[in-house]
Every structure is written in structure tokens, then in C-alpha cells.
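Dear colleague,

Please find the structure below, together with its sequence.

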Amino acid sequence: GENWSRITSLPENKINFVIFNADKNKRGEKTKDIFVAVNNKENPLYRTRDGGATWVPVKTSFSDSVFHRAVLADQFLYLAASNAMGPNGINTGALWRYDLVTGLWRNMLLPKRQGGISGISVDPKNSNRIFASTTNRWYPHDEVFLSDNNGDQWRPLLAGAQFDHGNSAYVKEHVPHWLTDIRIYPFNANRVLFVTSYVVYETRD
């Protein structure tokens, strides 16, 4: 971060996030394969294979969403998508898996309700174990979903969860809402954290 230069080759300026695919890099080598998500439903995802000299829109099978978060695992890019950046105004969403080898998309088919998908995390030691979070789901509330079989089945985790508000009594009466991301702690897969509009929650079991 000592020096920065602006990339002018990317034909967008509303950037949502950047993902580096360093899977085939040699030690100390600069990453040339990079994904950038932008706030544009027609072309929500761009890819460069030459370190940012040129960019190409990634073809999708849909045109109604932008991507909020993403994570790479094996040969797949998992993306949390919603119909708007939100949080207000988000009505629909989906969790997508993009195959970097074949270019095919798969809808991971989270349980369908009002609201979007805001967060995604894949266990670094077991890519079949996936967490996803919703946002702007007004009824009954936002939710965290877990799949242990790479998205074939999902189960909600917050419906019967117990919350310890000992250190944050001011949020005791709140229901988790406007979740913006979820992450598995990289050194202990039993630790999972998710962000709401007012506090960060963590589980260790």
C-alpha cells in the first residue's frame, strides 16, 4: 500500500468488491486473474486475466441482480446476490456458484422468501460446508443458513438460536436484521461471525 495507481481500463466506477484468484500463482508472483463486482445488473461481474490491463464481463444466466459478497473455493466462485444494493429496497436474491473452468452457473436454491442474500462463507477445510446470510427479510426476520452438502439442502440457524447479550444489553430487544456478511474464522471452523446493522455476532459451536 505504499504506492497506488488508478486502473482506468475497467469500464465501471461503482465497485462492490474485488476477488483475487491466486490459486495457480507461484510464491511472490503477482495475481493476474481478478474478479470485480460492480453495481450494474447488465454486467455485474468483470474478470481480468492480465492483472487489470483488460477486462471482460462475465456472462451470467440472469440480469436482475448485483453481487454483494463472494468467496473462492476449489474451482468455484460463490456469490451472494440481491436485486439492489440496499439494505432498503432489496426484495429478492439468490446464491450463485460460478464454475471457473466451464463457465456454468448454478443457483444454490436457498429457501425462497422476501429479501436478498448478503453474505457467503465456505469452510476452507471442507468446501461442502457453506454458510449464507439474508438481508432485508422483514418476516419473520433475517436468517443464517447452513449447508453441509454443497447446497443440496439448507437449514436455518437463527430460528431457535440463543443469544448472549451480556456485553451488549442495548441490543437485547432487537431481532438480527440487515445482515451484511458472514465469515468462518479461518483457524477454527466452529467459530462463525456475522454482521448486522447494529452489532457483530459470533458463535463457537
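Two strands are taken to pair if DSSP finds at least two bridges between them. The model is a predicted one, and the description below should be read accordingly.

The sheet in question is open and has three strands in the order S13-S14-S15, with antiparallel pairing. Its edge strands are S13 and S15, each of which pairs on one side only. On average, neighbouring strands of this sheet are turned by 15° against each other, direction ignored. In general, strands of a sheet pair through backbone hydrogen bonds, either parallel or antiparallel.

Strand S13 covers residues 181–184 and is joined to S14 by four bridges, the two strands running antiparallel. Within this pairing, aspartate 181 stands opposite valine 195 in S14, and isoleucine 184 stands opposite valine 192 in S14.

Valine 195 has valine 200 as its bridge partner in S15. S14 and S15 form a hairpin, with four residues between them.

Which side chains of S14 are buried? In this strand, residues 192–195, the side chains alternate.

Yours sincerely

Technical notes. Residues numbered from 1 in each chain as written. Predicted model: local features only at pLDDT ≥ 70, side-chain atom pairs only at ≥ 80, totals over all residues. Heavy atoms only, no water. Buried < 20%, exposed > 50% of the residue type's maximum accessible area, 1.4 Å probe, protein only. Axes fitted to C-alpha atoms, helices over the stretch in contact; angles between N-to-C directions.
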